[in-house]
Amino acid sequence: MKITLMLILIAVIAYGLGNVNGAIITSTHLFRRDIRNVGSGNAGLANFYRNFGLKGLALVFLIDFGKGFLAAAIGGWLLGLVGEGDAFVSTGKFFAMFCAILGHIYPALYRFHGGKSVLCGVACVFCIDWRAGVACMVVFCITIALSRYISLGSMLGTATFPIAAWALDYGG
């Protein structure tokens with residue numbers, strides 16, 4: 001029963017954190033324009049940069065990375081409180097990652113129209129295992145350097161995570 005209640009608490013906290021969208025907040029407060037109404041309509045870092053440039057980019061990064069890392073850290077900590085061993089902490093982090101990403105993609109605060117959650121997800125990955133995060137970022141950067149497609153880099157970087165996590169035995 002304690003585990004179930006803790007998972008519900010993690011879901012609520014992580015989903016709530018996922019609702020906090022750096023691109024939407026920064027674009028509406030700094031530029032008085034909703035990022036979802038310009039460019040590709042995606043509420044993410046790449047669309048923000050293409051439409052608004054460097055001004056505010058660090059804030060978008062800090063908000064989205066911070067919420068993902070915080071969600072995973074809280075999830076691991078909370079589930080670790082009710083169970084013994086690293087398996088509970090890892091499970092809490094993975095579950096929180098899922099909920100934070102869900103909150104970023106389908107935020108209730110923004111009528112379920114959010115971003116693609118790449119930055120939020122990579123922040124969670126860094127919290128789960130920094131080595132897997134580095135592997136994902138290396139693949140992401142190499143792909144963008146070779147192809148010039150951020151979306152392809154995002155997909156291949158994301159696909160790298162389960163392989164890296166398996167190879168690293170879900171360290172953390």
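With a relative accessibility of 47%, I142 counts as partly exposed, a class lying between buried (under 20% relative accessible area) and exposed (over 50%), judged with a 1.4 Å probe and protein chains only. The model is a predicted one, in which local features need pLDDT of at least 70 and side-chain atom pairs count only at pLDDT 80 or more, while totals for chains, interfaces and linings use all residues. Residues are numbered from 1 along each chain as its sequence is written, and side-chain values use heavy atoms, with hydrogens and water left out.

I142 belongs to helix α7, which covers residues 130-147; helices here are DSSP runs of H or I with at least four residues, numbered from the N terminus. Together with W130, V134, V138 and L146, I142 forms a nonpolar patch on the surface, with about 540 Å² of accessible area in total. Such a patch takes residues with over 30% relative accessible area and no salt bridge, nonpolar side chains (Val, Leu, Ile, Met, Phe, Trp, Tyr) being joined within 5 Å, and accessible areas come from the Shrake-Rupley method with a 1.4 Å probe.

## The largest pocket

The largest pocket holds about 1100 Å³ of space and is lined by 39 residues, with S117, V118, L119, F140 and S154 lying nearest its centre. A pocket is an open set of points on a 1 Å grid over the protein atoms alone, with protein on both sides within 12 Å along at least five of seven lines, and lining residues have an atom within 4 Å of a point.

Helix α8 gives the most to this lining, with nine residues, and the helices that each supply at least two residues are α3 (45-52), α4 (57-82), α5 (86-105), α6 (118-128), α7 and α8 (150-167). By class, the lining has 24 nonpolar, twelve polar and three charged residues.

## Salt bridges

Three salt bridges are found in the whole structure, each being a side-chain nitrogen of Lys or Arg within 4 Å of a carboxyl oxygen of Asp or Glu. In one of them, D34 pairs with R36, their closest N and O atoms being 2.6 Å apart; D34 is buried at 18% relative accessibility, and R36 is buried at 19%.

K67 forms a salt bridge with D64 at 3.5 Å between the closest N and O atoms, and these two buried residues both lie in helix α4, three residues apart, about one turn of the helix. R131 and D129 meet at 2.8 Å, N to O, where R131 is partly exposed at 35% and D129 is buried at 5%.

Note on methods:
Patch = residues over 30% accessible without salt bridge, like charges linked within 9 Å, V, L, I, M, F, W, Y side chains within 5 Å. 1 Å grid on protein atoms, 1.4 Å probe; cavity = no way out; pocket = protein on both sides within 12 Å on 5 of 7 lines; lining within 4 Å. Points joined across faces, edges and corners; volume = space filled by probe spheres on them. Nonpolar A, V, L, I, M, F, W, Y, C, P; charged D, E, K, R; others polar.
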